[in-house]
Amino acid sequence: MKLSFLFFIFLPLIVSAHDSEISLLAKRLNLSAGSKAIVQWERVFKSTRKMKKYKIDTLTNEKKEMLKEYLIQHAIDSDQPTIAGI
Amino acid sequence: MYKFILLTFLSTIIGNAAALQSEKELTNKELLQEINSLKKELQELKQSTQENREELEDISDFTEDIEATLLKDKIEFGLGFKTNLDNFNKKYSNGEHVRNNNIWSNKLMLNMKADITDNMKFYGKLSMYKYWGSSAIHPYTYYDNMQGRVPSDSSIYAERAYLNWFFYKDSAFPMALTIGRLPTSDGPSHQFKDNTVRKGTYTALLFDGVADGIVFTTNISKLLHNKNSYIRLGYSKGYGHTESSQTAGNAFIGASNSDIDDTNVVGIFLDTPLPNVKNSLVQLTYSRMFDIVANPLDTNISATGANDNIGSLDLLGAMVELTNFKETNLDLFAQFGYSIAHPNGTSYMLPNGELVGLLGKDGDTSTKSGYSTWVGGRYGFGEKQKYKVGLEYNYGSQNWINLTQGGFDIYNKLATRGNAYEAYMMYVINRNANIRLGYINIDYNYSRSGWFVGEAQKISTVDSADVVERLQSVYLKMNVHF
């Protein structure tokens, strides 16, 4: 019990700043995740022509994967939080 | 000689002129051919353009049909579906052991969303929750805050139905009014076990269940210089007295009664992320519940020891949640709750004849304070974190009381006055489905966990076949949300 209480008290202190570059990358490429559905984003990443169109083809495979994950996570039909007033 | 030279010169000129004439003729021919070819191409192009135009018109008609269909489909539906297998092992305070194995249940959730205008959106959730092979109506289903939250018959209940009305969207402090059957269930940090995103507004350690009310939300991100910061003021009715429930045949709904007051709940809530910590949430809560009713289902309100208002309750909470902490696939949360019950000395008679008040005995007016902590974590591993393991622990003191009667799971573990441990493994089948195998162990230190009426007695001093001392379950759950 005491341990859990201490964990709760000190948790905010043990975290450090971190921000994702992927959202910035998407912004830089002019890609708005909410403009497409999940399957449509999947189609983009399967098509060389479409990747070229969105300038995704110039990215490394790792970045491509991360960007794909980000865009799918925030796609128009992705699972969204349900919270009052948001 | 001069003649010869002149003749040669003339013949050369004439020869060149003839050759030039012939070249000119050839170029004209070619040009003509070129023109003809271009004409042909132009004709083809015209034809193709015409065809394209016709095709475009067809596509435009088709697109309009799709648009019309989309506009006609005013409500967007989503699916939630859960199948649970529980194997219970209960130890009662008299030492008796009872096993209930192979208990299956299904929960169907139809999630609704409608974008009425840019400034007004509707959300709803219709639920059916039942045990396999049984459509017996669970008595708790009649409690308003438990409808659709406890396994009962195959009826569909409205678990959520609310409007979000946004205004001053472009101002420094955008605002929203949320009205209806609110998103008060399955709040943080239950989403980790469901492998979904946050599905409720309020900390699940304090509130979990169905509630009707109004919430006013202001975005204070600019004030705190911290994105996604909100202040909420809420009002809800925990119990609304209706005359129709008092006397059969009297359908005078909503009439007030001098013998019993409605239970009203007000609260203030702050949501904000930890500064510079991605995917974090801090929530601070204060709420007060006025005029708690002893038994919302008891229609007898005028006799001695009958249903009545028994006091009020303050609930305070603080929580921190970190999702995918530092991109390590580790999710962590810690919550703390504090309850202060103010009994007014009014007594209520239980079916066994015992007279009880709010968290105490007959006539007891002393303030009862309790607290609870809930901590846990989940770690994802394997390709695309297809595998996850999670651990949760919560502790509640003797007089801990909260509003989780319509809780996330049937154990209502967050109301425990004692220790509860839960461990689970999850296999993520795909983005929308997962299977969870888990074990839960609840050791009750005090009786009547989750009950507003009656004194919480130390379990070791109770010898009863009705009081559970230890509850264990090995469960298997399949969860689909789409």
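1. A residue is called buried if 20 or more other C-beta atoms lie within 10 Å of its own, exposed if 12 or fewer do, and partly exposed in between, the C-beta atoms being placed from the backbone. The model is predicted, so that local features need pLDDT of at least 70 and side-chain atom pairs count only at pLDDT 80 or more, while totals for chains, interfaces and linings use all residues. Residues are numbered from 1 along each chain as its sequence is written, and chains are lettered from A and ligands numbered from 1 in the order in which they are written.

2. Chain A has 5 helices and 0 strands; helices (H or I, at least four residues) and strands (E, at least two) are DSSP runs, numbered from the N terminus. Along the sequence the pattern of chain A is α-α-α-α-α. Of the 86 residues in chain A, 13% are buried. Two residues are in contact if their C-beta atoms, placed from the backbone, lie within 7 Å. Among the contacts in chain A with a separation of 6 or more, 70% join residues 24 or more positions apart.

3. One helix pair in chain A deserves attention. Helix α3 (residues 38-46) of chain A packs with helix α5 (residues 61-73) of chain A at an angle of about 165 degrees, their axes being 9 Å apart. That angle makes α3(A) roughly antiparallel to α5(A). Axes are lines fitted to C-alpha atoms, for helices over the stretch in contact, and angles run from 0 to 180 degrees between N-to-C directions; angles under 35 degrees count as roughly parallel, over 145 as roughly antiparallel, 65 to 115 as roughly perpendicular and the rest as oblique.

4. The residues that meet in this pair are Ile38(A), Trp41(A) and Phe45(A) from α3(A), and Lys64(A), Lys68(A), Leu71(A) and Ile72(A) from α5(A). By class, the residues of this contact are 5 nonpolar, no polar and 2 charged. Here Ala, Val, Leu, Ile, Met, Phe, Trp, Tyr, Cys and Pro count as nonpolar, Asp, Glu, Lys and Arg as charged, and the others, Gly among them, as polar.

5. A nonpolar core is a set of buried Ala, Val, Leu, Ile, Met, Phe, Trp, Tyr and Cys residues joined through C-beta atoms within 7 Å. The largest such core has 47 residues, of which Ile292(B), Leu358(B) and Val453(B) touch the most other members. Strands of chain B that each supply at least two residues include β8 (263-272), β9 (280-293) and β15 (368-381), and β10(B) gives the most, with 6 residues. Another core, of 11 residues, lies apart from it; among its members are Tyr129(B) and Leu182(B). In soluble globular proteins, nonpolar side chains tend to be buried together.

6. Which residues does Ile292(B) contact, leaving aside its neighbours within four places in sequence? They are Thr263(B), Asn309(B), Ile310(B), Gly311(B), Ser312(B), Leu313(B), Leu358(B) and Phe452(B).

7. Most residues other than glycine have a negative phi, and most peptide bonds are trans. Asp186(B), which is not a glycine, has a positive phi of about 55 degrees; Asp186(B) lies in the loop between β5 and α2 of chain B and counts as buried because 26 C-beta neighbours fall inside 10 Å. Ser189(B) is placed in the loop between β5 (175-181) and α2 (191-194) of chain B, and the peptide bond from Pro188(B) to Ser189(B) is cis, with omega near 10 degrees.

8. Arg448(B), not a glycine, has a positive phi of about 60 degrees. Arg448(B) is in the loop between β18 and β19 (468-481) of chain B, and 19 C-beta neighbours inside 10 Å make Arg448(B) partly exposed. Tyr446(B) is also placed in the loop between β18 and β19 of chain B, but counts as buried, with 23 C-beta neighbours inside 10 Å. The C-alpha atoms of Tyr446(B) and Gln457(B), 11 residues apart along the chain, are separated by 5.2 Å.

9. Arg378(B) belongs to strand β15 of chain B and is buried, with 24 other C-beta atoms within 10 Å. Arg378(B) and Leu330(B) are 48 residues apart in sequence, yet 5.8 Å apart in space, C-alpha to C-alpha. Not counting residues up to four places away in sequence, Arg378(B) touches Phe192(B), Asp331(B), Lys388(B) and Gly390(B).
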